[in-house]
Amino acid sequence: MRFQIRRAINNIYQAYSLDNGRMYTARIKGKVMKKDEAEYSPVAVGDIAIGEPYSDSEALIVSIEVRRSSFRRWNLKKEMNQTISANQDMTAIVVSPSSPPFRPRFLDRAIACSSGAEILIIMNKADDGLEQSVKDSLELYRSLGFAVISVSSVTGEGIEELKKLLEGRITAFVGQSGVGKSTLINTILGSQQRTGEVSWKYNRGKHTTNHALYIEKGLISVIDTPGVREIEVPFENPELLISAFPELIGAPCLYSGCLHHGEDGCAVPDKVMCGDISEERYDSYLRMLSAIEARTPVYQRSRRR
Ligand SMILES: Nc1nc2c(ncn2[C@@H]2O[C@H](COP(=O)(O)OP(=O)(O)O)[C@@H](O)[C@H]2O)c(=O)[nH]1
Ligand SMILES: [Mg+2]
Ligand SMILES: [Zn+2]
């Protein structure tokens with residue numbers, strides 16, 4: 001039987017049977033499942049799992065199908081990749097203008113954590129007002145080909161337009177805690193997700209969504225994900241990082257496969273100098289590149305346990 005994973009808490013999964021439309025509580029069967037050594041959570045919300053029911057409401061998962069897309073981040077504590085959502089058509093990165101403040105570098109990392117899915121940048125809390133620098137920054141992402149939309153759950157601005165963009169596909173909502181992901185999902189679906197006040201002390205949202213959750217209503221399917229304070233790009237072949245930077249694709253560097261460190265023959269520094277490529281974006285890229293390069297590849301690590 002094929003299941004769609006709709007919730008994952010401590011290795012217990014809520015699994016929706018795509019064969020009979022029933023919901024099951026599922027566990028992974030023994031050690032049958034091949035575990036990717038570089039992956040912290042073997043099954044993520046959105047995964048398509050293969051398994052068998054053993055009662056009306058319980059099932060065992062044997063394997064998962066290859067993901068067509070995912071949002072993955074580097075789990076700093078565990079030193080492993082962690083898949084937050086799988087098989088979404090679109091990754092909606094929710095940001096806010098001032099509370100919490102808009103951080104382009106965070107946005108760049110979030111874009112790089114998404115693979116195989118379209119990117120939608122949602123500027124939420126538009127009612128708080130956007131400073132010119134924030135507007136300019138959003139314009140930059142637009143010019144790079146990313147879809148950008150401004151919305152507000154308070155005034156209703158952009159909500160209908162956003163619903164149109166979400167119809168007929170699965171969208172994973174990701175972003176910093178407190179940007180208003182759960183509120184936005186409630187507004188769109190009329191559901192009752194828990195939300196939290198932004199804590200005044202740190203001007204950051206509290207963690208109120210502590211696990212990813214798949215919700216669908218009518219034509220709209222969303223995956224709400226827990227807010228994070230920080231996000232690191234997954235452990236990966238650095239060449240894949242370039243796909244998150246459309247402005248670097250096709251740079252006329254002397255050597256093919258150039259990673260654009262700025263070495264002799266690399267065309268990128270000149271493009272930054274003349275303003276074709278944003279300095280901030282290139283800096284974002286270089287930071288992520290060195291973070292990836294500084295990590296010890298899995299095959300070189302001593303086995304623990
Ligand atoms: N001003 C304003 N506040 C909002 C908006 N959407 C959400 N908030 C507030 O932002 C805080 C965090 O919202 P929440 O949905 O829990 O954020 P999450 O951590 O991203 O899921 C709550 O106090 C919400 O009331 C909005 O459009 N405008
Ligand atoms: Mg939330
Ligand atoms: Zn180069």
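The model is predicted: local features need pLDDT of at least 70, side-chain atom pairs count only at pLDDT 80 or more, and totals for chains, interfaces and linings use all residues. Residues are numbered from 1 along each chain as its sequence is written, and chains are lettered from A and ligands numbered from 1 in the order in which they are written.

Helices (H or I, at least four residues) and strands (E, at least two) are DSSP runs numbered from the N terminus. Two strands pair if DSSP finds at least two bridges between them. A residue is buried if 20 or more other C-beta atoms lie within 10 Å of its own, exposed if 12 or fewer, and partly exposed in between, with C-beta atoms placed from the backbone.

**Strands**

Strand 8 (residues 90–95) is largely enclosed by the rest of the structure, because 5 of its 6 residues are buried. Strand 8 runs parallel to strand 10 (residues 118–123), to which 6 bridges join it; in this pairing Val94 has Ile122 as its bridge partner. Strand 8 also pairs in the parallel sense with strand 12 (residues 170–174) over 4 bridges, and there Ala92 stands opposite Phe173.

A separate description applies to an open sheet of 3 strands, whose order is 7-6-9 and whose pairing is antiparallel. Its edge strands, strand 7 (80–86) and strand 9 (114–115), each pair on one side only. Strand 6 (residues 70–75) is joined to strand 9 by 2 bridges, with Phe71 opposite Ser114.

**Nonpolar core**

A nonpolar core is a set of buried Ala, Val, Leu, Ile, Met, Phe, Trp, Tyr and Cys residues joined through C-beta atoms within 7 Å. The largest one has 64 residues, and those touching the most other members are Ile5, Ala15, Val43, Val45, Ile93 and Ile223. Helix 1 (residues 104–113) gives the most to this core, with 6 residues. Two residues are in contact if their C-beta atoms, placed from the backbone, lie within 7 Å.

The buried residues of helix 4 (residues 181–189) are Lys181, Ser182, Leu184, Ile185 and Ile188. Seen down the helix axis, they fall within an arc of 160 degrees, so they line one face of helix 4; the arc is that of the directions from the helix axis to the C-beta atoms. These buried residues pack against strand 8, helix 3, strand 12, strand 15 (213–217) and strand 16 (220–224).

Ser153 lies in the loop between strand 11 (147–150) and helix 3 (159–166). Ser153 counts as buried because it has 21 C-beta neighbours inside 10 Å. Beyond its neighbours within four places in sequence, Ser153 is in contact with Gly180, Thr183, Leu184 and Thr187. Ser153 and Asn186 are 33 residues apart in sequence and 9.0 Å apart in space, C-alpha to C-alpha.

**Backbone geometry**

The peptide bond from Ser99 to Pro100 is cis, with omega near 0 degrees, and Pro100 is in the loop between strand 8 and helix 1.

| Residue | Phi |
|---|---|
| Asn87 | near 65 degrees |
| His260 | about 60 degrees |
| Gly190 | near 65 degrees |

Asn87 lies in the loop between strand 7 and strand 8, and His260 in the loop between helix 5 (238–241) and helix 6 (268–273).
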